[in-house]
Amino acid sequence: MTTTRNSIWRWMPLILALLVGALLAGGIYLARDDNRDALPSTLIGRKAPDFKLPDLHRPDKFYTPRDFAGAPYLLNVWGSWCPECRVEHPVLTAFAEKQKIKVVGYNWRDECADALRWLEQFGNPYYAVMVDSDSRTAIDFGIYGAPETFLIDGKGVVRWKHVGPLSQEIIDSEVMPLLTELASEAPGLFK
């Protein structure tokens, strides 16, 4: 009986090493996904949250989802305090100039004077700029950082969300195919 117990204990380090190796191999296998850091949005396929947000340039004017209904639009969350927003800004500007889709700015947790100065310095690619300085609407959208971008269709349904700066590669591989799909669902939409 003692010899059986001794032989089990003798093999225990090898058994533990094999188990740890298997766990590490499984972790490496699961981590090979390029999009593993992406956070899924519960809004995809659902109506965008209702909002009433002031215009950055005219604080007495308010925007609601009805102001953007009927055609798809890109909602881009940004702030003058956000270094990655500066990285994506030239890409977003080029997209806004080339496409027949509205790009709506969602200025988040920012001082209006800082946001206005930032747009003056880097250019304003936005059809409209809404301000959410107290983050109440951001909670409804599930925004936790900037930049974030949503594609909302003409019926107000969130079709796509991206966390982080937009790149030309992301626009080409993700946004443009969705816009093509939306155009096929509603011919004449982008004229």
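Strands β3 (residues 73-78) and β4 (residues 102-108) run parallel and are joined by 6 bridges; two strands count as paired if DSSP finds at least two bridges between them. Leu75 has Val104 of β4 as its bridge partner. Strands (E, at least two residues) and helices (H or I, at least four) are DSSP runs numbered from the N terminus.

The model is predicted: local features need pLDDT of at least 70 and side-chain atom pairs pLDDT 80 or more, while totals for chains, interfaces and linings use all residues. Residues are numbered from 1 along each chain as its sequence is written, and side-chain values use heavy atoms, without hydrogens and water.

The open sheet has 5 strands in the order β5-β4-β3-β6-β7, with mixed pairing. Strands β5 (128-132) and β7 (158-163) are at the edges with a single partner strand each, so one side of each has no neighbour in the sheet. From one strand to the next, the twist averages 20 degrees.

Contact means heavy atoms within 4.5 Å; angles run from 0 to 180 degrees between N-to-C directions of axes fitted to C-alpha atoms, for helices over the stretch in contact.

| Helix | Strands | Angle to β3 |
|---|---|---|
| α2 (residues 83-98) | touches β3, β4 and β6 (148-152) | about 160 degrees |
| α3 (residues 112-122) | lies across β3, β4 and β5 | about 115 degrees |

Ile15 belongs to helix α1 (residues 2-30). Ile15 counts as partly exposed because its relative accessibility is 42%, between the limits for buried (under 20%) and exposed (over 50%), with a 1.4 Å probe and protein chains only.
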